[in-house]
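Hi there,

Here is the structure I promised to pass on. Have a look at it first, and then read on for what turned up in it.

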Amino acid sequence: MCILNRNMVILHIITIFLLITITKTNARSNFVHISINASRVSTSSCSTYSSIPLIDPVTTNMRTLIDDLSNCRYSSWDLVRWYLSRIDDVNRQGSHPLHAVIEINPDALDIANALDKERKMNGRRSLLHGIPILIKDNIATDDQMKTTAGSLALVNSRVPRDAFVVEQLRKAGVIILGKTSLTEWSNFKTENLTRQGWSPRGGLPSSAYVADGDPGGSSSGSAIATSAGLCAAALGTETCGSIISPASRANIVGLKPTVGLTSRSGVIPISYDHDSVGPMGKTVEDVALLLEVIESVDSRDNATQQAGIVRHQNYTRFLQGIEGLRNLRLGVVRQAINISIEKENQFQKAIDILRFHGAIVIDPVNVTGLDDENLISYLKDLMTYNFRKDLRNYLSELENTNIRSLKDIIEFNLQHVDEEFHHEYSPNQQIFVLAEDHMNMTADEYAILYNKTREIGGKNGIDATLNEYELDAIIVPDPEHEMTLFASFAGYPLIVVPLGFNESNNEPYGLMFVGRAWSESMLLRVAHGFEQAFPLRNRIRPKYAEQNSSIVEFLFKIIEYLRKLFII
């Protein structure tokens, strides 16, 4: 007992010393106090008032947050303060600002306080009651925050209502902490990009792992913020690769759901035939928990009402860990794969692990049509046809703005050249101009091309391969691959999980699983089994997730040790 008490005293002394060191190094005002007009005092008896998180935000998953909040280890008010403080530290300040968060919800602390009080009085609304997340800045929130897709053209506009997925989050008691940065207009404005993520509102996001690293896009900020521990999890959107690519580069899990499983009403569109809203988290379980909240039928989105949709209220029940891999049939795509020897070796280790735990891996499998040189032009034609119409429908409901069409946005950009263009990251608006002038396709011609690409990606592509080899899912070693185009054509789901880190610079890369329509339950099962069999997300900490990273990492190791002793 004496030895234990002595160790406790030593640990507390070390913690206090580290806090003093960090405070001296970061002699700046706290973001929460200077930027948030909200409650300074918590109403919850669970609040700790600690300025240092009692969790490691980089590694702590939502299951831990759920359990801790239920056990009164801290409050949601505490969580919001801790995340806001981290955002203040590294988002726009320091030697390597991440520019992951475009805007903070000024009501976040008040909302957290109210949810803490509600938890005490009435219990929780859902498992995610009081959990703070960030959402991409093309998802509408009817509050004090703006919804702009990163553009200055929509800064003064007001949305008529929350996006449906935001309604679902609020009903579940989830706290919308703020909006994340993105490639402006979800990467549908500019050709000849040298890198992803830039917008006039958000600046240039950067990887939390690599100095000045390209984070991928367009859901860049959601991926960076999740990987750097600026939130518990995040929402992104994908038309073609916009969740999968940045999730892979950020060492997190990203799920693009089947088009129609989650609503897109209140989301700034590219193409409603291809757009999808999906969760991004530190673990497969985080993603499953968020999917349970946001998937639903929406009267404002016809795609959510189509026949044959397979929905599950409980997606976490499909997470069976390593046992879930047993007897699954998985096929490996090798066509059009161009990866380094280092990545190939890591990928082979992954295949060996899957086989070791009972999966039947067919390597390789053939997917018809991957060598079609017109795939990208097909998708571009489809999106440019839809974009002008779908965007006009979205803009028609906005208040306090004269921006009503793509033409209006093009003219706004020409009137604000210095702000709306960047010589390297956004040198033109060629895609906008192409979409505005895209008059050479009739509705009938669009329908023919749409049905053709649905068959290429679905019936003759993903479905045909799954059927021919009797597969449960397809494995792709590089998420930035033509299979992502196939999934976009068909509206099919994808999931990416961490696979490894480049030896030269510790940049992460992921592994992608592909399934047929409405197969989210199977993809989550496969991804969870792989994640549990090949756990490497926390092997390398994101270097730029905090200032004084080595000191902070040591502090969190102490805090974790104290938690295991039930001291905190």
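Before the details, one term: two strands count as paired if DSSP finds at least two bridges between them. Please also keep in mind that this is a predicted model.

S10 and S11 pair in the antiparallel sense, over seven bridges, and proline 498 stands opposite glycine 510 in S11. S11 also has S9 as an antiparallel partner, with three bridges joining them; here isoleucine 474 has valine 514 of S11 as its bridge partner.

Is S11 enclosed or open to the outside? Seven of its seven residues are buried, so S11 is largely enclosed by the rest of the structure. Pro508, Gly510, Met512 and Val514 point one way from the strand, while Tyr509, Leu511 and Phe513 point the other way.

Helix H11 (residues 341-356) has 16 residues and reaches 22 Å from its first C-alpha to its last, close to the 22 Å expected at 1.5 Å a residue. Its buried residues are Gln346, Phe347, Ala350, Ile351 and Leu354. Seen down the axis of H11, they fall within an arc of 150°, so they line one face of the helix. The general rule behind such a pattern is that an α-helix has 3.6 residues a turn, so residues three or four places apart point the same way. What covers the buried residues of H11 includes S7, S8, S9, S10, S11 and H18. The face turned away from the buried side carries the exposed residues Ile341 and Phe356. After H11 comes glycine 358, with a positive phi near 100°.

**The nonpolar cores**

Which residues have the most contacts inside the largest nonpolar core? They are Ile133, Leu169, Leu235, Met483 and Phe513, in a core of 162 residues. Helix H12 (residues 375-395) gives the most to this core, with nine residues. Apart from it lies another core, of five residues, including Ile52, Val552, Leu555 and Phe556. Leaving aside neighbours within four places in sequence, leucine 169 is in contact with Ile133, Ile135, Val174, Ile176, Leu235, Leu290, Val293 and Ile294.

**A few spots in the backbone**

Most residues other than glycine have a negative phi, and most peptide bonds are trans. Some places in this model depart from that:

- A cis peptide bond joins glycine 217 and serine 218, with omega about 15°; serine 218 is in the loop between H7 and H8.
- Another cis peptide bond joins aspartate 363 and proline 364, with omega about 5°; proline 364 is in strand S8.
- Asparagine 187, in helix H7, has a positive phi of about 65° and is partly exposed at 24% relative accessibility.
- Asparagine 327, in the loop between H10 and S7, has a positive phi near 70° and is exposed, with a relative accessible area of 56%.

Finally, glycine 491 is in the loop between helix H17 (482-490) and S10. Glycine 491 is buried, with a relative accessible area of 2%. Leaving aside neighbours within four places in sequence, glycine 491 is in contact with Lys256, Thr258, Val259 and Arg454.

Happy browsing, and all the best

Terms used. Residues numbered from 1 in each chain as written. Predicted model: local features only at pLDDT ≥ 70, side-chain atom pairs only at ≥ 80, totals over all residues. Heavy atoms only, no water. Core = buried A, V, L, I, M, F, W, Y, C linked by side-chain atoms within 4.5 Å. Buried < 20%, exposed > 50% of the residue type's maximum accessible area, 1.4 Å probe, protein only. Helix = DSSP H or I, 4+ residues; strand = E, 2+ residues; numbered from the N terminus. Contact = heavy atoms within 4.5 Å. Expected span 1.5 Å × (residues − 1). Arc of directions from axis to C-beta.
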